[in-house]
Amino acid sequence: MTARAGRIGVTANNLARGGGMERQARDLIEGLIERGIRPVVLARKLGDCSAWAGKAELVEVDSRLIPAKLRDWWFS
């Protein structure tokens with residue numbers, strides 16, 4: 001029996017430079033990359049993630065066409 005590695009996904013509304021949740025998400029992603037894990041990152045706004053190019057799968061979720069009050073619900 002062979003072991004299969006699963007995929008790890010990280011979601012965040014915004015990955016721009018900043019404090020709070022953005023910083024925690026960026027630290028988590030960088031920690032996974034340092035350990036040789038290639039995470040799937042889904043965000044409404046990616047910001048400057050060029051340092052992760054090729055090291056993480058980056059997916060920017062376009063929610064501009066969703067009414068503002070429904071964007072968080074739709075993204076989740």
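A: **A charged pair and its surroundings**

Aspartate 27 forms a salt bridge with arginine 23, and their closest N and O atoms are 3.2 Å apart. Keep in mind as we go that this is a predicted model. Why would two such side chains meet at all? Side chains of opposite charge can pair when their charged atoms come close. The cut-off used here is a distance within 4 Å, so the 3.2 Å of aspartate 27 and arginine 23 meets it.

Where does this pair sit? Both aspartate 27 and arginine 23 belong to helix 1, which covers residues 21-34. They are 4 residues apart, about one turn of the helix. Aspartate 27 has a relative accessibility of 37%, so it counts as partly exposed. Arginine 23 is also partly exposed, at 39%.

Helix 1 has 14 residues, and from its first C-alpha to its last it reaches 20 Å. That is close to the 20 Å expected at 1.5 Å a residue. Which of its residues are buried? They are Ala25, Arg26, Ile29, Gly31, Leu32 and Ile33, and the buried residues of this helix pack against strand 1 and strand 2. Just after helix 1 comes glycine 36, with a positive phi of about 80°.

Look next at leucine 46: leaving out residues up to four places away in sequence, it touches Leu15, Ala16, Arg26, Val41, Leu58, Val59 and Glu60. Arg26 in that list is one of the buried residues of helix 1, which leads us back to the helix where we began.

Strand 2 deserves a stop of its own. Valine 40 lies in this strand, and its relative accessibility of 14% makes it buried. Beyond its neighbours within four places in sequence, valine 40 is in contact with Arg7, Ile8, Gly9, Val10 and Glu57. Valine 40 and leucine 58 are 18 residues apart in sequence, yet their C-alpha atoms are 6.2 Å apart in space.

Two of those contacts of valine 40, Arg7 and Glu57, form a salt bridge with each other, with the closest N and O atoms 2.4 Å apart. Glutamate 57 is in strand 3 (residues 57-60) and arginine 7 is in the segment before strand 1 (9-14), so this pair ties together parts that are 50 residues apart in sequence. Glutamate 57 is partly exposed at 28%, whereas arginine 7 is exposed, with a relative accessible area of 63%.

How many salt bridges are there? The count comes to 4. Another of them joins arginine 44 and aspartate 72, at 2.7 Å from N to O. This pair links distant parts of the chain: arginine 44 is in strand 2 (residues 40-45) and aspartate 72 in helix 2 (residues 71-75), 28 residues apart.

Together with Leu70 and Trp74, Trp73 makes a nonpolar surface patch of about 380 Å². In the segment after helix 2 comes serine 76, which is exposed at 76% relative accessibility.

Finally, zoom out. The chain has 2 helices and 3 strands, in the order β-α-β-β-α. Of its 76 residues, 28% are buried. Among contacts with a separation of 6 or more, 38% come from residues 24 or more positions apart. The C-alpha atoms fill a box of roughly 45 × 30 × 20 Å.

Technical notes: Residues numbered from 1 in each chain as written. Predicted model: local features only at pLDDT ≥ 70, side-chain atom pairs only at ≥ 80, totals over all residues. Heavy atoms only, no water. Salt bridge = Lys/Arg side-chain N within 4 Å of Asp/Glu carboxyl O. Buried < 20%, exposed > 50% of the residue type's maximum accessible area, 1.4 Å probe, protein only. Patch = residues over 30% accessible without salt bridge, like charges linked within 9 Å, V, L, I, M, F, W, Y side chains within 5 Å. Areas by Shrake-Rupley, 256 points an atom, 1.4 Å probe, with all protein chains shown as cover. Contact = heavy atoms within 4.5 Å. Expected span 1.5 Å × (residues − 1).
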